[in-house]
Amino acid sequence: AQLVSQPDSHINVSEGNLLELRCNYSYGGSISLFWYVQYPSQGLQFLLKYLSGPTRVKGIKSFEAEFKNDENSFHLMKASAHWSDSAKYFCALCDTVPESAGGAEQKPSQTL
């Protein structure tokens with residue numbers, strides 16, 4: 001079974017400091033990982049994804065995430081937080097085996 005967890009339900013970050021949102025997953029096969037953001041009164045917006053290749057990926061608005069297979073993690077980072085980053089953040093995964101009927105799994109949101 002696919003499982004995604006975001007250990008911190010809410011974090012506070014001072015403006016200009018490092019923002020890091022943790023995402024851990026449990027799945028034995030090949031996966032794709034995603035981060036989405038939901039700003040107040042708006043729908044979900046795609047931030048970034050990891051499919052394969054380099055383990056550090058860059059997304060919009062200076063967000064990055066690093067895929068660590070040995071730690072089963074895909075933490076989202078931004079070097080310098082801004083007040084406008086206040087939002088709910090969602091980590092999701094999707095298995096990449098074509099014949100699988102699985103889909104994206106979403107767990108409780110993480111609010112900044």
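Modeller: The model is predicted, so local features need pLDDT of at least 70, side-chain atom pairs count only at pLDDT 80 or more, and totals for chains, interfaces and linings use all residues. Residues are numbered from 1 along each chain as its sequence is written, and side-chain values use heavy atoms, with hydrogens and water left out.

Biologist: Why is Lys 78 called buried?

Modeller: Buried means under 20% relative accessible area, exposed over 50%, and partly exposed in between, with a 1.4 Å probe and protein chains only. Lys 78 has a relative accessible area of 10%, so Lys 78 is buried.

Biologist: What joins the side chains of Lys 78 and Asp 85?

Modeller: A polar contact of 3.0 Å joins them. The term means a pair of N or O atoms within 3.5 Å; within protein, one must be able to donate a hydrogen and the other to accept it, and residues adjacent in sequence count only if both atoms are side-chain atoms.

Biologist: Where is Lys 78 found?

Modeller: Lys 78 is found in strand 8. Strands (E, at least two residues) are DSSP runs, numbered from the N terminus.

Biologist: Why is Phe 90 called buried?

Modeller: The relative accessible area of Phe 90 is 9%, and therefore Phe 90 is buried. Phe 90 has its place in strand 9.

Biologist: How far is the C-alpha atom of Phe 90 from that of Leu 21?

Modeller: The two C-alpha atoms are separated by 9.6 Å, although the residues are 69 residues apart along the chain.

Terms used:
Helix = DSSP H or I, 4+ residues; strand = E, 2+ residues; numbered from the N terminus.
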